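User: Hi! Could you walk me through how to read a protein fold, one feature at a time?

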Amino acid sequence: MSAACGTCGAAAVVQWRRAKGNTGDTEPVFGCADHALTPDLASQLHEASCKGPGKGGSCSCTPRSDADRFDTPRGPARRLPPGW
Ligand SMILES: [Zn+2]
Ligand SMILES: [Zn+2]
């Protein structure tokens, strides 16, 4: 398991998806405990410009909820810290 937080490089606990420009493709983004989205937000598709979560687990975009068509491999997400 080599996923690292895209913000600080620490071991990731969640994976979410971000659109790649207007290509219709998505890319996985990883976040550590400090930079993790809420499970709710992590299941949605984020805008290409999304910088990821700030303090409190909210992010910088308005995520789309039509992400059902993506499978959501959430392997590392099982290790969320207490308080989630
Ligand atoms: Zn981080
Ligand atoms: Zn976002």
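The turns below go from the overall fold to single residues.

Analyst: Happy to! This is a predicted model, in which local features need pLDDT of at least 70, side-chain atom pairs count only at pLDDT 80 or more, and totals for chains, interfaces and linings use all residues. Residues are numbered from 1 along each chain as its sequence is written, while chains are lettered from A and ligands numbered from 1 in the order in which they are written.

User: Which elements does the chain have, from the N terminus on?

Analyst: Helices (H or I, at least four residues) and strands (E, at least two) are DSSP runs, numbered from the N terminus. Here there are one helix and three strands, and the elements follow each other as β-β-α-β.

User: What is the order of the strands in the sheet?

Analyst: In general, strands of a sheet pair through backbone hydrogen bonds, either parallel or antiparallel. Two strands are called paired if DSSP finds at least two bridges between them. In this model the three strands make an open sheet with the order β2-β1-β3 and mixed pairing. The edges are β2 (26-31) and β3, each pairing on one side only.

User: Where do the two senses of pairing occur?

Analyst: β1 and β2 run antiparallel and are joined by six bridges. Val14 stands opposite Gly31 in β2, and Gln15 has Phe30 as its bridge partner there. These two strands form a hairpin with six residues between them, and Gly21 in the turn has a positive phi of about 55°.

User: How many residues does the largest nonpolar core have?

Analyst: The general idea is that in soluble globular proteins, nonpolar side chains tend to be buried together. A residue is buried if 20 or more other C-beta atoms lie within 10 Å of its own, exposed if 12 or fewer, and partly exposed in between, with C-beta atoms placed from the backbone. A nonpolar core is a set of buried Ala, Val, Leu, Ile, Met, Phe, Trp, Tyr and Cys residues joined through C-beta atoms within 7 Å. The largest one here has 13 residues, and those with the most contacts inside it include Val14, Trp16 and Leu37. β1 and β2 each supply at least two residues of this core. Buried residues make up 27% of the 84 residues in the chain.

User: Which residues does Trp16 touch?

Analyst: Two residues are in contact if their C-beta atoms, placed from the backbone, lie within 7 Å. Leaving out residues up to four places away in sequence, Trp16 touches Val29, Leu37, Leu41, Ala42 and His46.

User: And is Ser49 buried or exposed?

Analyst: Ser49, in the segment after β3, counts as exposed because it has 10 C-beta neighbours inside 10 Å. Its C-alpha atom is 8.8 Å from that of Lys20, 29 residues apart along the chain. Lys51 is also in the segment after β3 (45-46), and counts as partly exposed because it has 15 C-beta neighbours inside 10 Å.
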